[in-house]
Amino acid sequence: MTERRAQISPSILSADFAHLADELARIAPTADWAHVDVMDGHFVPNLTLGLPVVEALIAATSLPVDCHLMIEDPDRWAPQYAEAGAGSVTFHVEAAAAPVRLARALRSAGARAGMALKPATPVEPYADLLPELDMLLVMTVEPGFGGQSFLDVVLPKLRRAREAIAGRDLDVWLQVDGGVSADTIERCAEAGADVFVAGSAVYGADDPARAVEALREKAGPHVAGARPA
Ligand code: DX5
Ligand code: ZN
(Lines give C-alpha, C1' and ligand atoms only; values in the text may rest on other atoms or scores of the structure.)
(Ligands and ions follow the chains in the order given, each with its own letter.)
Protein backbone atom coordinates (compact mmCIF):
# COMPACT_ATOMS: atom_id res chain seq x y z
CA MET A 1 0.00 0.00 0.00
CA THR A 2 1.22 3.50 -0.81
CA GLU A 3 2.22 5.37 2.31
CA ARG A 4 -0.03 8.35 2.92
CA ARG A 5 0.12 11.25 5.33
CA ALA A 6 -2.19 14.05 6.41
CA GLN A 7 -1.59 17.25 4.45
CA ILE A 8 -3.10 20.61 5.40
CA SER A 9 -3.99 23.20 2.77
CA PRO A 10 -5.16 26.40 4.47
CA SER A 11 -7.62 28.43 2.43
CA ILE A 12 -6.74 32.10 2.09
CA LEU A 13 -10.42 32.85 1.48
CA SER A 14 -10.60 33.49 5.23
CA ALA A 15 -7.41 35.60 5.26
CA ASP A 16 -7.13 39.38 5.05
CA PHE A 17 -7.33 40.10 1.30
CA ALA A 18 -5.55 43.43 1.77
CA HIS A 19 -2.42 41.61 3.03
CA LEU A 20 -2.28 38.30 1.21
CA ALA A 21 1.52 37.96 1.09
CA ASP A 22 1.71 38.46 4.86
CA GLU A 23 -1.15 36.04 5.39
CA LEU A 24 0.69 33.38 3.36
CA ALA A 25 3.84 33.98 5.40
CA ARG A 26 1.88 33.23 8.58
CA ILE A 27 1.07 29.67 7.44
CA ALA A 28 4.26 28.92 5.48
CA PRO A 29 6.16 27.37 8.42
CA THR A 30 3.66 24.55 8.91
CA ALA A 31 1.29 24.27 5.93
CA ASP A 32 1.75 21.83 3.06
CA TRP A 33 -0.06 23.94 0.48
CA ALA A 34 -1.72 27.34 0.09
CA HIS A 35 -5.32 26.78 -1.05
CA VAL A 36 -6.51 29.58 -3.34
CA ASP A 37 -10.23 29.73 -4.18
CA VAL A 38 -10.95 31.18 -7.60
CA MET A 39 -14.66 32.05 -7.96
CA ASP A 40 -16.19 33.64 -11.02
CA GLY A 41 -19.61 34.82 -9.81
CA HIS A 42 -21.28 32.34 -12.21
CA PHE A 43 -20.42 28.79 -11.18
CA VAL A 44 -20.80 30.02 -7.60
CA PRO A 45 -22.56 33.17 -6.36
CA ASN A 46 -19.32 34.81 -5.24
CA LEU A 47 -16.39 36.52 -6.94
CA THR A 48 -12.89 36.34 -5.53
CA LEU A 49 -9.75 36.62 -7.63
CA GLY A 50 -8.27 35.39 -10.89
CA LEU A 51 -5.09 34.62 -12.77
CA PRO A 52 -3.14 37.87 -12.19
CA VAL A 53 -3.58 37.60 -8.44
CA VAL A 54 -2.73 33.88 -8.45
CA GLU A 55 0.46 34.67 -10.39
CA ALA A 56 1.39 37.26 -7.77
CA LEU A 57 0.69 34.81 -4.94
CA ILE A 58 2.83 32.11 -6.55
CA ALA A 59 5.68 34.61 -6.73
CA ALA A 60 5.12 35.73 -3.13
CA THR A 61 5.14 32.38 -1.32
CA SER A 62 7.42 29.42 -0.84
CA LEU A 63 4.37 27.16 -0.50
CA PRO A 64 3.04 25.26 -3.49
CA VAL A 65 -0.27 26.76 -4.55
CA ASP A 66 -3.38 24.56 -4.57
CA CYS A 67 -5.82 26.31 -6.92
CA HIS A 68 -9.49 25.43 -6.49
CA LEU A 69 -11.33 26.74 -9.53
CA MET A 70 -15.03 27.35 -8.93
CA ILE A 71 -15.58 28.69 -12.42
CA GLU A 72 -17.54 28.00 -15.57
CA ASP A 73 -15.66 26.69 -18.61
CA PRO A 74 -12.58 25.33 -16.80
CA ASP A 75 -11.62 23.63 -20.10
CA ARG A 76 -10.75 27.09 -21.33
CA TRP A 77 -9.31 28.72 -18.22
CA ALA A 78 -7.76 26.08 -15.96
CA PRO A 79 -4.60 25.29 -18.00
CA GLN A 80 -3.46 28.89 -17.56
CA TYR A 81 -3.23 28.37 -13.80
CA ALA A 82 -1.01 25.32 -14.37
CA GLU A 83 1.15 27.27 -16.81
CA ALA A 84 1.45 30.05 -14.22
CA GLY A 85 3.09 27.57 -11.85
CA ALA A 86 0.32 26.40 -9.53
CA GLY A 87 1.40 23.09 -8.00
CA SER A 88 -2.12 21.71 -8.16
CA VAL A 89 -5.14 22.82 -10.18
CA THR A 90 -8.61 21.51 -9.35
CA PHE A 91 -11.62 22.01 -11.62
CA HIS A 92 -15.26 21.13 -10.94
CA VAL A 93 -16.53 18.20 -12.96
CA GLU A 94 -19.99 19.81 -13.05
CA ALA A 95 -18.52 22.62 -15.15
CA ALA A 96 -16.09 20.67 -17.33
CA ALA A 97 -16.95 19.68 -20.90
CA ALA A 98 -14.08 17.20 -21.30
CA PRO A 99 -12.62 16.30 -17.90
CA VAL A 100 -10.11 13.74 -19.18
CA ARG A 101 -8.73 16.08 -21.80
CA LEU A 102 -8.55 18.85 -19.21
CA ALA A 103 -6.78 16.69 -16.61
CA ARG A 104 -4.22 15.70 -19.23
CA ALA A 105 -3.69 19.35 -20.17
CA LEU A 106 -3.07 20.25 -16.51
CA ARG A 107 -0.56 17.45 -16.08
CA SER A 108 1.27 18.29 -19.26
CA ALA A 109 1.54 21.90 -18.07
CA GLY A 110 3.32 20.58 -14.98
CA ALA A 111 0.57 20.71 -12.33
CA ARG A 112 -1.12 18.00 -10.34
CA ALA A 113 -4.60 17.49 -11.78
CA GLY A 114 -7.51 17.72 -9.36
CA MET A 115 -11.23 17.20 -9.95
CA ALA A 116 -13.90 18.42 -7.54
CA LEU A 117 -17.39 17.15 -6.74
CA LYS A 118 -20.09 19.31 -5.18
CA PRO A 119 -21.99 17.68 -2.28
CA ALA A 120 -24.81 16.36 -4.50
CA THR A 121 -22.55 15.07 -7.29
CA PRO A 122 -22.03 11.31 -7.03
CA VAL A 123 -18.59 9.77 -7.36
CA GLU A 124 -19.59 6.55 -9.14
CA PRO A 125 -20.02 7.98 -12.68
CA TYR A 126 -16.47 9.33 -12.49
CA ALA A 127 -14.67 6.40 -10.86
CA ASP A 128 -13.13 5.27 -14.14
CA LEU A 129 -11.55 8.71 -14.57
CA LEU A 130 -9.47 8.33 -11.41
CA PRO A 131 -6.28 7.15 -13.21
CA GLU A 132 -6.27 10.52 -15.00
CA LEU A 133 -6.22 12.43 -11.70
CA ASP A 134 -3.74 13.22 -8.95
CA MET A 135 -6.43 14.37 -6.53
CA LEU A 136 -10.18 14.12 -6.05
CA LEU A 137 -11.81 16.91 -4.04
CA VAL A 138 -15.02 16.01 -2.25
CA MET A 139 -16.73 19.22 -1.15
CA THR A 140 -18.18 19.08 2.35
CA VAL A 141 -20.13 22.35 1.91
CA GLU A 142 -21.79 23.92 -1.13
CA PRO A 143 -18.91 25.80 -2.78
CA GLY A 144 -18.93 29.58 -2.69
CA PHE A 145 -18.26 30.79 0.83
CA GLY A 146 -16.04 30.16 3.83
CA GLY A 147 -17.29 29.56 7.33
CA GLN A 148 -20.19 27.23 6.48
CA SER A 149 -21.18 24.19 8.54
CA PHE A 150 -19.68 20.84 7.65
CA LEU A 151 -22.07 18.49 5.82
CA ASP A 152 -21.88 15.10 7.53
CA VAL A 153 -24.14 13.75 4.83
CA VAL A 154 -21.16 13.70 2.43
CA LEU A 155 -19.11 11.26 4.55
CA PRO A 156 -20.49 8.07 2.94
CA LYS A 157 -19.48 9.43 -0.48
CA LEU A 158 -16.01 10.18 0.85
CA ARG A 159 -15.76 6.57 1.99
CA ARG A 160 -16.89 5.29 -1.41
CA ALA A 161 -14.39 7.59 -3.12
CA ARG A 162 -11.57 6.14 -1.02
CA GLU A 163 -12.75 2.61 -1.86
CA ALA A 164 -12.81 3.47 -5.56
CA ILE A 165 -9.22 4.73 -5.33
CA ALA A 166 -7.99 1.79 -3.25
CA GLY A 167 -9.83 -0.73 -5.42
CA ARG A 168 -7.90 0.51 -8.45
CA ASP A 169 -4.65 0.59 -6.45
CA LEU A 170 -4.14 4.26 -7.34
CA ASP A 171 -2.13 6.94 -5.58
CA VAL A 172 -4.84 9.62 -5.88
CA TRP A 173 -5.07 12.08 -3.02
CA LEU A 174 -8.53 12.60 -1.54
CA GLN A 175 -9.14 16.19 -0.45
CA VAL A 176 -11.98 17.58 1.66
CA ASP A 177 -12.97 21.24 1.65
CA GLY A 178 -15.64 23.00 3.66
CA GLY A 179 -16.28 23.16 7.38
CA VAL A 180 -13.08 21.25 8.18
CA SER A 181 -12.08 22.03 11.78
CA ALA A 182 -10.75 20.41 14.92
CA ASP A 183 -14.28 19.08 15.45
CA THR A 184 -14.72 17.49 12.02
CA ILE A 185 -11.27 16.59 10.71
CA GLU A 186 -11.07 13.19 12.39
CA ARG A 187 -14.34 12.10 10.75
CA CYS A 188 -12.94 13.15 7.38
CA ALA A 189 -9.70 11.25 7.90
CA GLU A 190 -11.53 8.14 9.09
CA ALA A 191 -13.66 8.24 5.95
CA GLY A 192 -10.53 8.31 3.77
CA ALA A 193 -9.44 11.92 3.24
CA ASP A 194 -5.73 12.69 3.31
CA VAL A 195 -5.62 16.36 2.20
CA PHE A 196 -7.56 18.82 4.33
CA VAL A 197 -8.54 22.36 3.33
CA ALA A 198 -9.34 24.66 6.23
CA GLY A 199 -10.13 28.35 5.97
CA SER A 200 -11.86 29.75 9.02
CA ALA A 201 -10.35 27.06 11.30
CA VAL A 202 -6.85 28.32 10.40
CA TYR A 203 -7.26 32.05 9.78
CA GLY A 204 -9.80 32.43 12.56
CA ALA A 205 -7.20 31.19 15.06
CA ASP A 206 -4.86 33.48 16.97
CA ASP A 207 -1.88 31.49 15.69
CA PRO A 208 -2.63 30.12 12.21
CA ALA A 209 0.63 28.14 11.97
CA ARG A 210 -0.12 26.38 15.24
CA ALA A 211 -3.72 25.74 14.12
CA VAL A 212 -2.33 23.95 11.05
CA GLU A 213 -0.17 21.73 13.25
CA ALA A 214 -3.08 20.98 15.56
CA LEU A 215 -5.27 19.95 12.62
CA ARG A 216 -2.53 17.68 11.24
CA GLU A 217 -2.01 16.08 14.65
CA LYS A 218 -5.74 15.33 14.91
CA ALA A 219 -6.08 13.93 11.40
CA GLY A 220 -2.78 12.05 11.12
CA PRO A 221 -3.52 8.96 13.20
CA HIS A 222 -6.75 8.38 11.25
CA VAL A 223 -5.25 8.56 7.76
CA ALA A 224 -5.13 4.92 6.65
CA GLY A 225 -1.70 3.92 5.42
CA ALA A 226 0.02 6.68 7.36
CA ARG A 227 3.18 5.78 9.22
CA PRO A 228 2.69 6.00 13.01
CA ALA A 229 4.12 9.26 14.37
C1 DX5 B 1 -15.59 27.29 -0.22
C2 DX5 B 1 -14.13 27.16 -0.50
C3 DX5 B 1 -13.34 26.75 0.68
C4 DX5 B 1 -13.45 27.68 1.87
C5 DX5 B 1 -13.48 26.80 3.07
O6 DX5 B 1 -16.32 27.17 -1.38
O7 DX5 B 1 -13.85 26.22 -1.52
O8 DX5 B 1 -11.99 26.48 0.37
O9 DX5 B 1 -12.41 28.60 1.99
O10 DX5 B 1 -13.69 27.58 4.18
P11 DX5 B 1 -14.01 26.94 5.61
O12 DX5 B 1 -12.83 26.06 5.96
O13 DX5 B 1 -14.15 28.14 6.50
O14 DX5 B 1 -15.26 26.14 5.47
ZN1 ZN C 1 -11.74 25.63 -1.78
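Visitor: What do the buried residues of α5 pack against?
Guide: They pack against β5 (112-117), β6 (135-139), β7 (173-177) and α6 (185-191). Contact means heavy atoms within 4.5 Å. Helices (H or I, at least four residues) and strands (E, at least two) are DSSP runs, numbered from the N terminus.

Visitor: Before we go on, what kind of model is it, and how is it numbered?
Guide: This is a predicted model, where local features need pLDDT of at least 70, side-chain atom pairs count only at pLDDT 80 or more, and totals for chains, interfaces and linings use all residues. Residues are numbered from 1 along each chain as its sequence is written, chains are lettered from A and ligands numbered from 1 in the order in which they are written, and side-chain values use heavy atoms, with hydrogens and water left out.

Visitor: Back to α5. Which of its residues are buried?
Guide: Leu155, Lys157, Leu158, Ala161, Arg162, Ala164 and Ile165. Buried means under 20% relative accessible area, exposed over 50%, and partly exposed in between (1.4 Å probe, protein chains only).

Visitor: How many residues does α5 have, and how far does it reach?
Guide: Helix α5 covers residues 155-167, which is 13 residues. From first C-alpha to last it reaches 18 Å, close to the 18 Å expected at 1.5 Å a residue. The expected span is 1.5 Å times one less than the number of residues.

Visitor: What comes just after α5?
Guide: Asp169, with a positive phi of about 55 degrees. Asp169 sits in the loop between α5 and β7. It counts as exposed because its relative accessibility is 67%.

Visitor: Where does Asp73 sit, and what is its phi?
Guide: Asp73 is in the loop between β3 and α3 (74-83). Its phi is near 55 degrees, positive in a residue other than glycine. At 34% relative accessibility, Asp73 is partly exposed.

Visitor: New topic. Which residues are the protein donors of the zinc ion (ligand 2)?
Guide: His35 (NE2), Asp37 (OD), His68 (ND1) and Asp177 (OD), lying 2.1 to 2.3 Å from the zinc ion. Donors are N, O and S atoms within 2.8 Å of the metal (3.2 Å for Na, K and Ca). Water is not among the atoms, so sites may look incomplete.

Visitor: What spacing do the donors follow?
Guide: H-x1-D-x30-H-x108-D along the chain.

Visitor: And what geometry does the site of the zinc ion have?
Guide: Octahedral, with angles of 72 to 172 degrees among six donor atoms. Six donors count as octahedral if opposite donors are over 155 degrees apart and all others between 65 and 115. Ideal octahedral angles are 90 or 180 degrees.

Visitor: How many aromatic pairs turn up in a search of the whole structure?
Guide: One. The rings of Trp33 and Trp173 have centres 6.0 Å apart and planes at 75 degrees, so the pair is edge-to-face. Rings of Phe, Tyr and Trp (its six-membered ring) pair if their centres lie within 6.5 Å; planes under 30 degrees apart are stacked, over 60 edge-to-face, and the rest tilted.

Visitor: Are Trp33 and Trp173 buried or exposed?
Guide: Trp33 is buried at 9% relative accessible area, and Trp173 is buried at 17%.

Visitor: Last one. What does His222 touch?
Guide: Glu186, Ala189 and Glu190, not counting residues up to four places away in sequence. His222 is in the segment after α8 (208-219). Its C-alpha is 6.6 Å from that of Glu186, 36 residues away in sequence.

Methods: Tetrahedral: all angles 85-135°; square planar, octahedral: opposite > 155°, others 65-115°.
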